[in-house]
Amino acid sequence: MTTQLAAAVPALRAEGVIGLIAPAGPAALDVEKAGQWMRARGHELRIFSGVYERDGYLAGSDEVRLRDLHAAFADPEIDAIICLRGGYGTPRLLDRLDFDLLRANPKPFVGYSDITALHLAISRYAGFVTFHGPMLNADLLGEKQQPTESSLFSMLRGQVKAGSQLVHPVAYPLTTIEPGIACGRLLGGNLSMIAAVMGTAYEIDAEGIILFIEDINEPLYRIDRLLTHLHLAGKLAQLAGVVVGDVAGVDNAALERLLKQTFEPLCIPVLSGWRSGHCDPNLTLPMGARVRLDAGEKRLVVEQDVVFKA
């Protein structure tokens, strides 16, 4: 089943509870600092037990990580869910996700990097908006510069409504790779993860979407290979437009040349340099929501409410 327009989720309430889960890799957490940070912003932090576990490069066993994810969605006291970190592990959970449970209990779900696999799966099979945004350890407790935090909370609290232009910091200029205007669902995330789930039941539904991509620690030739993989799979030909986030560690001029070579034949708008992903600041984007991209004017407008006040 493919959802053509992702449903809005309940807004994060004032003094609402935020659940912390670790569906991918492990990380040491300063529990006292994390709790104080959230309380200073008016929220309680509920830490699920798997956050404290470690199983090699995973934050606990598959069973533990899946249990926490399901429990966080099912718990009526949890208003929003944020991930501890990325790393690796979420693809191992996909074929055991209870989409009926998720669909019956939609709520804001935040993360990026390896969490991309969950964004794609939830969009495809549960049909509600999720948020490609900062995670607790490296981003929020790591004190990444604004508007990292303000972008997240304005989105979750319902301040970004239909017709809102997403604000991009002027200190980080955007680049028009290909001009033009397109509308469609915003979907994507980490490019390596998008490619990793190709050929599975959880691959990206690219028909008419605005594709968002970002990555880290991938040299230019690997970015080329990943984009070529999507091209040969027929995904790029289905796109309405592209927003390129941070591609950390790659020379910008060389990246722009590759993007031009890749997307110019498709005659779709492409905007590059959006500060979302493994970068500082790290802006929040609503995955699955309908947006309007004007690459020539360097604008990204949300065309639907992404949360609603219950």
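Which residues form one aromatic cluster? The cluster consists of Phe-73, Phe-109 and Phe-128.

1. Basis of the note. The model is a predicted one, in which local features need pLDDT of at least 70 and side-chain atom pairs count only at pLDDT 80 or more, whereas totals for chains, interfaces and linings use all residues. Residues are numbered from 1 along each chain as its sequence is written, and side-chain values use heavy atoms, with hydrogens and water left out.

2. Aromatic pairs. Six aromatic pairs are found when the whole structure is searched; rings of Phe, Tyr and Trp (its six-membered ring) pair if their centres lie within 6.5 Å, and planes under 30 degrees apart count as stacked, over 60 as edge-to-face and the rest as tilted. One of them joins Tyr-57 and Tyr-88 in a tilted arrangement, with 6.2 Å centre to centre and 55 degrees between the planes. Because Tyr-57 lies in the loop between β3 (44-47) and α2 (62-74) and Tyr-88 in the loop between β4 (80-83) and α3 (99-104), the pair ties together parts that are 31 residues apart in sequence. Helices here (H or I, at least four residues) and strands (E, at least two) are DSSP runs, numbered from the N terminus.

3. Accessibility of that pair. Tyr-57 is exposed, with a relative accessible area of 56%, while Tyr-88 is partly exposed, at 34%; buried means under 20% relative accessible area, exposed over 50%, and partly exposed in between (1.4 Å probe, protein chains only).

4. Charges over rings. The charged end of Arg-41 sits over the ring of Trp-37 at 3.8 Å from its centre, and that of Arg-275 sits over the ring of Tyr-172 at 4.3 Å from its centre. The criterion is that NZ of Lys or CZ of Arg is within 6 Å of the ring centre and within 35 degrees of the ring normal.

5. Helix α2. The buried residues of α2 include Leu-66, Leu-69 and Phe-73, and the buried residues of this helix pack against β2 (17-21), β4, α3, β5 (109-111) and α4 (116-125), where contact means heavy atoms within 4.5 Å.

6. The open sheet. Six strands, in the order β3-β2-β4-β5-β6-β13, form an open sheet with mixed pairing; two strands pair if DSSP finds at least two bridges between them. The edges are β3 and β13 (285-287), each with a single partner strand, so one side of each is left without a neighbour in the sheet. Within this sheet, β2 and β3 pair in the parallel sense over four bridges, and the bridge partner of Gly-19 in β3 is Arg-46.

7. Strand β10. Six of the seven residues of β10 (residues 210-216) are buried, so the strand is largely enclosed by the rest of the structure. Five bridges join β10 in parallel to β9 (residues 181-190), with Glu-214 in β10 as the bridge partner of Asn-190. Six bridges join β10 to β11 (residues 241-248), again in parallel, and Phe-212 stands opposite Val-243 in β11.

8. Pro-134. This residue lies in the loop between β6 (130-132) and α5 (136-140) and counts as buried, at 0% relative accessibility. Leaving aside neighbours within four places in sequence, Pro-134 has contacts that include Ile-82, Val-110, Tyr-112, Leu-152 and Thr-284.
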